[in-house]
Amino acid sequence: MKSIIRWQGLVAFFVIFGSLAAIIVLFLDTWIRLGAQAGLGKATGAEVNIGSVSHTWSPFGVTLNELQFTDPKAPTTNQMQADTVSAKIELAPLLLRKLIISDLIVEGTQFATQRDSKGEVYVDVEDDTTDAKSLFGDAIKPPSVDEILAKSPLKTTQAVEDTQAVIARHEDKLKAQFEALPSKQVLADYQARAKALSEVDYKNPAALAKAKQDFDQLKKDVLADKQKITDFKDSVQQAKAELGPQLQTLKNAPSQDYEQLKAIAAGDQDAIQDVTQLVFGEQAAKWSKYVLAAFDVIAPMLNNQAKQTEENKGVEGQWLAFDDTSGLPDLWIKQAKISVTYQGESVASKWTDITHQHDLIGKATVFSIDSSASALWQSLALNGDFWLNDLGLKAQQSWRLAGLKLSDMPLANIDKLSSELQQGLLSSNGGLDIVNNQLSGKGIVDLSQLAIQASGDNKLTNAIANTLNQLKTLQLNTDIGGTLGDLDLNISSDLAKQIGSALISSVTPEQQQKLDDLKAKLNAKTSGLLGDTDGALGQWSEWEKLAEGDVSSLNKVLEAQLNNAIDKQKNKIKDKLFEKLLG
Amino acid sequence: MGLLAKLLKALNSDSSPWQLAFGFALGMIMGLTPILGLHTLLVAFGVLFFRVNVSAFLVSWAAFSLLAIPLSATFANFGESLLLAESMQGIWTAFYSTYLGQLTQFYHTLTLGSLVVSLILFPFTLLLSKQLVEKYRKTFMQWVNQLRIVQLIKGSGFYHLYQSVGN
């Protein structure tokens, strides 16, 4: 009977698994390269290329050279690329499938660079490229004046509504108050009663007491009516104080609307309203890649990592952790130094605690850049932190950049318009907050000492080019919105207004006719109400004047008669006293 | 094709039914569980070091690998329920802190679930396989060899291959 042991099998076992181990060790760099390309590609949603890989055993470390991350939204460009990425990796946690990197050094990082060939995209992304070609065409049909007036939120319409509301609010009240004022008859009656009291010769104290009582009643009636007049006057003052500025707004509104709408009426506004975005948008997007790299590249990558772990639970199983080691996240880069290269200048950023499981380590990822003057800029400071958990990303960042030198930078090169920024200085500051993956922030980009070379092909693009050529300074206001990984930059400036003014200065007779029509229709909206408002104001002023007369009349009568009566009594008492004293 | 020929040869030869049955049962473990893990090394060692029929092992591995695809989610859920069981936490925690525990990758839901299921099935598969091999040899081998289709196969290239392997 044969033995159940197969000694040749033991040799075969060692040969097979020894060979496997040898192949793994010999081609370790290749496995790491393939694994990293696949893993990072999954995390970013697009092709990742690694030129070469090397490793050291003690301490265990890996260096990746020439990394390129395809931008899923623009596969012909790299979202990010780096010359070298060196990581010191802790070996023991690898058994628990946890990648703990004690030190990470990334050098030569650049954003939005051109790829040699189009990268593969693994996820569905929206194409957000703007088709600018048709915007500057010759055959743009301008809207009619009525269409403009119907579609535009007019200041005139608003002013008319507000003015009508002010008049309606005060008119009835003032009318009621005016009608409740004492009539001429009542005033005359007061005068008669006062006169009668002052002319009576009081022979005895009882008569005097009766007169005193009548006086008090008269005074009470007069004061009550005087209060009505005072209240009325206050109401008139209040109404006039409200209607006065409103009237001014109403008078100014048509001309303000005209200024606003004349470019639309001339037929150019649709084309130039996005001119800032078209001319500076591409470069602004590139600058933002550098300033917002933490949230445009790194945080989305980490977030995708977290999502994939969740999605793969069912089919590929899940790795659970027990006891004291459960505090280790799946990925934790304790310290990192990332050097970013911009136009040949290098700027270092410091990072701590990079992970997608901040709840486990109880600390946020913190990053900062504090760069003093270089050949390209005067100062650059950037600070931020972020915290990823099941609810999403919570983060904040602020930046301040002064005096970044710009040169030979292509701006818009689209149909009928080409432009290049030959030189300029850029300063920027701003802040950004992220709550549950929703971004909100503002940034200001000040461009100064500008020299732009632009040329156009038709009337519209010529006006844009001329304005750009004369531009010395420009402030770009940037609204940052969108969601994590889908950053939305909205850039605005007064460039469209400047170009609009340039276009208005050379309108055709047909366009001028339309502008005149616009002006006339705007003025017509207010002319009727201006008359009514003037009428109301005049009426209120007239009432106020009448009431003023009544008050002074009341005051004069009341004070004069009362004083006379008292003086007479005083004199009588004095006479009697002298008579008694002198015998 | 060569592997199938070898298996047929083994079934028709005087190889012990136990050798074939262990091949099928160990192939089942290999097929149902993820390939990366300490258990793979142990199973491979068992197959090669002990006189287990390698052809039966390889055919079984391939067949059970196909079967494992639709069952993966179920295995993972079973593994998760075992790992999250309150009464087992002490054992898992102690095992997790050892290198041996970490090498077994028991804390992976799919690995643990599929390994436990295949270990439970192992004795049944072993005994069933042995009985089937014996039944085949007693009842079916003669009958199968007389089948018209088998006669046709015997005249084909496949049979010649089978013969050459046997030589």
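Biologist: What makes you say there is a kink in H9(A)?

Modeller: This is a predicted model. In it, H9 of chain A bends by about 60°, centred on A:Gly281. The bend is the angle between axes fitted to the seven residues ending there and the seven starting there.

Biologist: How do you know that the span of helix H9 of chain A agrees with its number of residues?

Modeller: H9(A) covers residues 275–291, which is 17 residues. At 1.5 Å a residue they should span 24 Å. The end C-alpha atoms are 23 Å apart, so the two agree.

Biologist: Which residues of H9(A) are called buried, and why?

Modeller: Buried means under 20% relative accessible area. Among those that qualify are A:Val275, A:Phe280, A:Gly281 and A:Trp287. A:Lys289 is buried too.

Biologist: Why are strands E11 and E12 of chain A called a pair?

Modeller: Pairing needs at least two bridges. E11(A), residues 438–456, and E12(A), residues 474–483, have eight, in the antiparallel sense. In one of them, A:Lys442 partners A:Asp479.

Biologist: What makes E12(A) and E13(A) a pair?

Modeller: They have seven bridges, again antiparallel, and at least two are needed, so they pair. A:Thr483 has A:Asp486 as its bridge partner. Two residues lie between the strands of this hairpin, and A:Gly485 takes a positive phi near 85°.

Biologist: How do H1(A) and H3(B) meet?

Modeller: Their axes come within 7 Å and cross at roughly 145°. A:Trp7, A:Phe13 and B:Phe45 are among the residues in contact. By class, the contact has eleven nonpolar, one polar and no charged residues. Gly counts as polar, and A:Gly9 is one of the contact residues.

Methods:
Residues are numbered from 1 along each chain as its sequence is written. Chains are lettered from A and ligands numbered from 1 in the order in which they are written. This is a predicted model: local features need pLDDT of at least 70, side-chain atom pairs count only at pLDDT 80 or more; totals for chains, interfaces and linings use all residues. Side-chain values use heavy atoms; hydrogens and water are left out. Helices (H or I, at least four residues) and strands (E, at least two) are DSSP runs, numbered from the N terminus. Axes are lines fitted to C-alpha atoms, for helices over the stretch in contact, and angles run from 0 to 180 degrees between N-to-C directions. Contact means heavy atoms within 4.5 Å. The expected span of a helix is 1.5 Å times one less than its number of residues. Buried means under 20% relative accessible area, exposed over 50%, partly exposed in between (1.4 Å probe, protein chains only).
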